[in-house]
Amino acid sequence: MSNYLVAVEAAWLVRDVESIDDAIGVAVSEAGKRLNQTDMDYVEVEIGATECPVCSEPFDSAYIAADTALVGLILEMDVFNVDSKQHAQRVAKSEIGGALRNVPLKVVHAVKTESDSETE
């Protein structure tokens, strides 16, 4: 059995905002609130990054049109005692998806971490 750190990207919609900073703040706050309501405070919520098509520099994944923002969030969680990387991805997506109903999710990476049993 292995442990993995899994990152999931979420597309979060925020209505009635005027600035990117406001949209990011609202998205992170709302996602954190919904995760905490389901006792998933172990999930880390961060703003995602998008690569600029011209200069290749990363910038915050947030876009506003008509006072409505689409914010890309990265949600990271540790998944313990799974059989494979794919199993860890399914567990993370299922757990996070259960708390964030109707939010599009995509696994962006999963990294194997050292398990407690290997260090004993």
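Start with helix H1: Ala23, Ile24, Ala27, Ala31, Gly32 and Leu35 are its buried residues. Buried means under 20% relative accessible area, exposed means over 50%, and partly exposed lies in between, with a 1.4 Å probe and protein chains only. Look down the axis of H1: the buried residues fall within an arc of 150 degrees, so they line one face of the helix. That arc is taken from the directions from the helix axis to the C-beta atoms. The general rule: an α-helix has 3.6 residues a turn, so residues three or four places apart point the same way.

A word on the source. This is a predicted model, where local features need pLDDT of at least 70 and side-chain atom pairs count only at pLDDT 80 or more, while totals for chains, interfaces and linings use all residues. Residues are numbered from 1 along each chain as its sequence is written, and side-chain values use heavy atoms, with hydrogens and water left out.

Back to H1. On its other side, Asp21, Lys33 and Gln37 are exposed. What covers the buried residues? The cover includes strands S1, S2, S4, S5 and S6, plus helix H2. Helices here are DSSP runs of H or I with at least four residues, strands are runs of E with at least two, and both are numbered from the N terminus. H1 covers residues 20-37 and reaches 26 Å from its first C-alpha to its last, close to the 26 Å expected at 1.5 Å a residue. The expected span is 1.5 Å times one less than the number of residues. After H1 comes Asp39, with a positive phi near 55 degrees.

Now H2, residues 85-99. Glu95 sits in this helix. Glu95 counts as partly exposed because its relative accessibility is 37%. Which residues does Glu95 touch, leaving aside neighbours within four places in sequence? Met40, Tyr42 and Met77 are in contact with it; contact means heavy atoms within 4.5 Å.

Zoom out. The protein chain has 3 helices and 7 strands. In sequence order, the pattern is β-α-β-β-β-β-β-α-β-α. Of its 120 residues, 34% count as buried. The C-alpha trace spans about 55 × 40 × 20 Å along its principal axes. Among contacts with a separation of 6 or more, 74% join residues 24 or more positions apart.
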